[in-house]
Amino acid sequence: MVLKSEDTFMVGYVIFDKKPGLAEVNVVHDADRYLKHMISIGKLKMPPNTSYRFAGSYQDAVRSAKTMMIVIPGTLLVVFLILYFQFQSVATSLNVFSGIFVAWAGGFLLIWLYSQPWFLDFSIFGVNMRHLFQVRTYNLSVAVWVGFLALFGIATNNGVIYSTYLDQVFAEHEGHSVQDLRQATIEASIKRIRPALMTAACAILALVPVLTSQGRGSDVMVPMALPIFGGMVLTTIAVFVVPVIYCWEKEVHFRRRLKSLGA
């Protein structure tokens with residue numbers, strides 16, 4: 001027998017593990033809830049002057065979650081300020097900023113799809129896609145949140161590409177009617193759809209080797225790449241959403257100007 005102490009108190013360790021597919025933090029919370037329930041009903045009696053607490057790798061996840069509660073809002077604020085300094089317009093900045101929420105949804109959607117047993121359940125040339133892309137349940141770990149942070153910056157690319165050129169087009173062509181505004185929007189959108197799609201395609205294709213990697217470090221890189229891949233696939237709809245919202249904003253200002261002039 002070995003006598004162990006910690007913080008001047010005698011201590012004994014009870015080691016337990018979790019089932020596959022369960023998050024460490026949830027397992028600890030469930031275990032703590034169960035022990036408190038057993039103590040409350042009298043089935044588990046704690047000796048006098050004794051207490052228990054949970055320790056282990058889950059503590060890192062708890063600390064990281066608290067840090068992310070500060071980092072994520074801070075990142076969103078910084079991105080918005082950068083957009084505002086670029087466009088000098090709150091409305092335009094919010095329009096570009098909307099792509100982040102679309103990308104956020106795409107990242108969570110892909111994480112959910114990876115937990116479904118039917119997702120990518122087929123083979124090509126004898127290679128099972130679930131095995132190739134390592135499809136399994138991924139919990140919201142630090143690596144996943146880091147992927148979301150990287151996604152926030154990448155997701156604004158298409159919106160910036162469109163809004164910058166739309167500003168240039170509207171600065172050169174002053175619209176005299178709603179139809180002129182819509183025509184200018186279509187003109188700018190047609191000329192910028194290829195650069196926007198190429199930007200998204202480069203990010204998506206670059207992540208395919210990461211998602212299929214199985215070597216050392218893949219246990220960290222794959223969860224990090226998942227939200228970026230899913231977010232960039234879904235954020236391609238920004239090529240339709242951003243110009244429409246931009247045109248709608250210009251139409252609102254145009255109608256207000258006409259109303260103020262009594263037209």
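This report walks through the aromatic pairs, charges over rings, a nonpolar patch and the salt bridges of the structure above.

The model is predicted, so a local feature needs pLDDT of at least 70 and side-chain atom pairs count only at pLDDT 80 or more, while totals for chains, interfaces and linings use all residues. Residues are numbered from 1 along each chain as its sequence is written, and side-chain values use heavy atoms, with hydrogens and water left out.

**Aromatic rings**

A pair of aromatic rings is described by the distance of the centres and the angle of the planes. Here, rings of Phe, Tyr and Trp (its six-membered ring) pair if their centres lie within 6.5 Å; planes under 30 degrees apart count as stacked, over 60 as edge-to-face and the rest as tilted. By this rule the count comes to 17 aromatic pairs. One of them joins Phe16 and Phe54, whose ring centres are 6.1 Å apart with planes at 85°, so the pair is edge-to-face. Phe16 lies in the loop between strand 2 (9-10) and helix 1 (24-40), and Phe54 in the loop between helix 1 and helix 2 (58-87), so the pair ties together parts that are 38 residues apart in sequence. Helices (H or I, at least four residues) and strands (E, at least two) are DSSP runs, numbered from the N terminus. On accessibility, buried means under 20% relative accessible area, exposed over 50%, and partly exposed in between (1.4 Å probe, protein chains only). Phe16 is partly exposed at 45%, whereas Phe54 is buried at 15%.

Phe108 and Trp145 are also edge-to-face, because their ring centres are 6.2 Å apart and their planes stand at 75°. This pair links distant parts of the chain, with Phe108 in helix 3 (residues 90-114) and Trp145 in helix 5 (residues 142-172), 37 residues apart. Phe108 is partly exposed, at 28% relative accessibility. Ring pairs also bring Phe108 and Trp145 into a cluster with Trp104, Phe148 and Phe152.

**A nonpolar patch**

Leu77, Leu81, Tyr84, Phe85, Val90 and Leu94 make up a nonpolar surface patch with about 560 Å² of accessible area together. Patches are made of residues with over 30% relative accessible area and no salt bridge, with nonpolar side chains (Val, Leu, Ile, Met, Phe, Trp, Tyr) joined within 5 Å and like charges within 9 Å; areas come from the Shrake-Rupley method with a 1.4 Å probe, and for residues only the protein chains shown count as cover. Helix 2 gives the largest share, four residues.

**Salt bridges**

The structure holds six salt bridges, each a side-chain nitrogen of Lys or Arg within 4 Å of a carboxyl oxygen of Asp or Glu.

| Salt bridge | Closest N to O |
|---|---|
| Asp60 and Arg63 | 2.3 Å |
| Arg255 and Glu251 | 3.4 Å |

Asp60 and Arg63 are three residues apart in helix 2, so about one helical turn separates them. Arg255 and Glu251 both lie in helix 8, four residues apart. Salt bridges that share partners join Arg182, Glu251 and Arg255 into one network. Within it, Glu251 is buried at 7%, while Arg182 is partly exposed at 40% and Arg255 is partly exposed at 45%.
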